[in-house]
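Here are a few friendly notes to read alongside the model. Take them in order, with the structure open beside you.

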Amino acid sequence: MDHRIAIIGAGVSGLTCGVVLAEAGYETAIFAAEPAAETTSAVAAALWFPYDAEPLDKVIAWALQSYEVFAELSRNAATGVSMIELRTFSRCDELPIPSWAAGFNARSMSKTEFVMTVPLSDTSIYLDYLQKRFLAAGGKMTTGVRFERPDDVSLAFDVVVNCTGIGARRLVDDPDLEPHRGQVVLVKKLDLPGAVVCDDAPLMYAIPRANDCVFGGTNEQSDDLAPDPATTAAIVSECCATLKIAPPPIITVRVGLRPFRKSGVRLGLDRMADGRPLIHNYGHGGSGFTLSWGCAETVLNLARKR
Ligand SMILES: Cc1cc2nc3c(=O)[nH]c(=O)nc-3n(C[C@H](O)[C@H](O)[C@H](O)COP(=O)(O)OP(=O)(O)OC[C@H]3O[C@@H](n4cnc5c(N)ncnc54)[C@H](O)[C@@H]3O)c2cc1C
């Protein structure tokens with residue numbers, strides 16, 4: 001194992017690649033402008049569910065691969081991963097079970113609703129778990145470093161992995177990336193039987209977690225990271241109407257930018273100006289957690305082949 005690998009980015013993509021590469025025996029270091037807790041990844045509801053990412057055939061393949069790993073992780077509570085019953089419904093249209101869900105014991109409850117069991121990553125626990133696992137495998141982590149170009153990574157590293165999410169717009173000048181803004185409201189812990197998602201407008205979800213509940217959400221093209229109070233009120237109102245509960249106390253409101261890439265997730269081998277291999281792994285849109293393990297395995301295979 002001769003090469004040293006630098007990963008740019010400490011969100012779910014960078015950390016998962018870090019774990020996979022370090023555990024495969026590579027000397028691996030993560031460099032990131034923001035630590036995990038301040039990334040888009042920390043804002044996510046983080047249900048396993050293919051959403052707002054392209055192209056569908058590859059997305060489903062990576063998602064199915066990741067599902068297996070999450071299901072295994074859910075056996076250990078310390079990971080922050082659990083299996084949860086997810087009810088997906090439409091307010092107006094028929095909602096058939098997607099073909100990819102057939103293997104997951106998905107069942108129709110009515111013409112407009114189906115339920116299935118999926119992994120949920122509680123980001124307040126899971127990102128720490130990934131980071132600790134990466135460090136335990138010998139990985140090194142440096143935050144507060146913003147690169148202008150991938151070539152700025154020290155020549156001590158002979159492979160660079162780009163896991164910069166929406167930051168890739170600037171880092172590699174990718175005009176294909178669109179910020180799909182999502183606002184969520186964290187409310188007091190609720191005793192819900194499972195997670196609830198409605199995909200038609202207005203987008204609505206309620207996800208019970210270990211210490212709180214995530215109410216969402218929004219999906220609009222915007223760079224604005226400031227929480228909007230009117231949107232907060234609309235999210236709480238829609239969730240409470242669906243759940244038939246009184247508004248719970250709000251803990252905090254957070255905004256993240258889903259890194260949606262019009263031409264699809266960028267996962268492949270490139271070369272930097274100085275000739276070093278550059279492996280891209282960004283543009284996962286609303287599915288960064290859902291695709292994380294499948295994409296990280298592909299990154300490992302690319303690193304082996306390069
Ligand atoms: C409201 C909301 C709900 C979501 N719900 C789900 C869900 O239920 N399921 C799901 O699978 N996904 C969900 N997502 C999507 C998911 O959050 C993203 O796909 C995922 O977080 C992207 O992870 P990432 O690691 O690629 O990028 P990020 O988490 O954005 O991390 C990028 C990292 O790169 C660093 N970086 C960027 N540019 C540079 C640079 N030039 N130099 C150095 N470092 C740099 C950043 O500092 C950061 O550390 C949701 C997103 C939002 C906003």
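1. Start with strands S3 (residues 81-89) and S5 (residues 113-121): they run antiparallel and are joined by 9 bridges. Strands here are DSSP runs of E of at least two residues, and helices are runs of H or I of at least four, both numbered from the N terminus. Two strands pair if DSSP finds at least two bridges between them. Within this pairing, Leu86 has Met116 of S5 as its bridge partner.

2. A word on the source: this is a predicted model, in which local features need pLDDT of at least 70 and side-chain atom pairs count only at pLDDT 80 or more, while totals for chains, interfaces and linings use all residues. Residues are numbered from 1 along each chain as its sequence is written.

3. S5 also runs antiparallel to strand S4 (residues 107-110), with 3 bridges between them. Ser108 stands opposite Phe114 in S5. How many residues lie between S4 and S5 in their hairpin? There are 2.

4. Next, look at Leu47. Leaving aside residues up to four places away in sequence, Leu47 touches Leu86, Val118, Leu120, Ala195 and Ile207 (contact: C-beta atoms, placed from the backbone, within 7 Å).

5. Finally, turn to the ligand. Which residues are closest to the ligand? They are Gly11, Gly165, Gly167, Gly182 and Gly288, among 42 that surround it (near: C-beta atom, placed from the backbone, within 6 Å). Helix H1 (12-23), strand S8 (177-188), strand S13 (250-261) and helix H6 (288-305) each supply at least two residues of this shell.

Terms used
Two residues are in contact if their C-beta atoms, placed from the backbone, lie within 7 Å.
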